[in-house]
Amino acid sequence: MIWNKTKECMSRDEMHKLQGRRLQTTVRRVYHNVPFYRAKMQELGVEPGDVRGIEDIVKLPFTTKQDLRDNYPFGLSPISSSEYVRVHASSGTTGKPTAVPHSRKDLEVFSECVARALCCTGATKDDVVQVAYGYGLFTGGLGLHDGATKLGATVIPVSAGNTRNQITMLQDFGSTVLACTPSYALFIAEALAEAGVDPSTLPLRVGVFGAEPWSAEMRAKIEEKLKIQAYDIYGLSEIMGPGISDSCQFQDGLHIAEDHFYPEILSPDTLEPVSPGVTGELTFTHLTKEAMPLLRYRTRDLTSLNYKPCPCGRTNVRMARVMGRSDDMLIIRGVNVFPSQIESVLMEIPEAKPYYMIIVDRKGALDTLEIQVEVDDKYFSDEIAQMDSIRGKIKHRLDNALRIGVIVSLVEHKTLQRSEGKAKRVTDRRKI
Ligand code: DLL
């Protein structure tokens, strides 16, 4: 089923026209009501009248996270704070948090987009959605909550953590949809196994996972362990939260709610838009946001766009699975390495459990890349030769995939920290 056929299945031409009209309105609003944007546009010699269609977006200034910080908390808002009905904030993992106000209409758009996302997974009003994303300033919990409510499903607002309780809820309330980060889904799967609960005896059938990068191999692993279909949901607080885009049953990219958020992919070097299919930095422009509309917000997420129609019937542009953020990229002895590449390799090695930690250090003038991997109990052995052979196998695969030499350290089951939210898998000691 498609939640909103009118907006999700428009012809490209109609969508362009709608986006153009909405962009014009947004630009006029920020030009006349947000001093930051007026100054930026004047610097570039652009006036609202110069924006006649969506193609004119390239004339507009960019917005960065630093701009949000400089105007903290509500300096970029064109409306009175009495119109706000909720404020969210980014997780602040990479610095001071940024505040994002929402008007009543903004929250309606938010729940509409999350309802579309849930619908993309095949969920309906008959489903029971266990929301195990954190509630609070983070948009995951309340975002999924309101979207599932809009869908008419039954919401179990359990929030993240208390894993034992998650299992009880899965069993007692018959949850059919689990919404949490992919790393927490793994943790829940492990806890189920330890509690002796066979996931195939649970009614759970769908996972709505996001908020952190995860590989296709990780998806396969989670699907196998939880005996469900897993879907990818993407978003960021500055633009809205979860539901900006989401995968459908064809699992070939995430459909963007582009009637609300206009995506562009920029070359990280020139900041010029690149062609469809080319990977670059994802940038969003709000088309309908009231409380804090942003122009060309640089997400730092790396992906590409695909405008081809999808067999599911939706015509909305699809973005590829986010491979990571430009600021996640590690440069080791001159070679670019993304944590997601390491994850893809590890997930295909049966001896490795899906828990790993990446440690970057500098010994003398040389950068080192150490990967700590948990070994599956089935393979863990006291025999040095056997462990050496597993280590050698993992190292060989990683060296080949990354094209640099890595240090592989095998650790025992349960040595590495489990995550209930966004997993932290990289320690860069060069920066400490
Ligand atoms: O993580 C919103 C969210 C909640 C999305 C629940 C999906 C599910 P922030 O805390 O502002 O918002 O973090 C946003 O997380 O720029 C990406 O780098 C990353 N991210 C979010 N979803 C995905 C995903 C929420 N599906 C930042 N795949 C974004 C990869 C993701 N990375």
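The model is predicted, so local features need pLDDT of at least 70 and side-chain atom pairs count only at pLDDT 80 or more, while totals for chains, interfaces and linings use all residues. Residues are numbered from 1 along each chain as its sequence is written, and side-chain values use heavy atoms, with hydrogens and water left out.

The chain is split into domain 1 (1-326) and domain 2 (330-428), with bounds that come from an automatic or database domain assignment. Their contact (heavy atoms within 4.5 Å) takes in 24 residues of domain 1 and 19 residues of domain 2.

Together, domain 1 and domain 2 bury about 1,900 Å², and 53% of that lies on carbon and sulfur atoms. Buried area here is the accessible area (1.4 Å probe) that two parts lose on being put together, summed over both.

As for charges, 3 salt bridges are counted between the domains, each being a side-chain nitrogen of Lys or Arg within 4 Å of a carboxyl oxygen of Asp or Glu. Lys414 and Glu194 also pair up through their side chains in a salt bridge, at 2.9 Å from N to O.

On the side of domain 1 that touches domain 2, helix H8 (182-194) and helix H9 (216-226) each give two or more residues; helices are DSSP runs of H or I, at least four residues, numbered from the N terminus. H8 brings the largest share, 6 residues.
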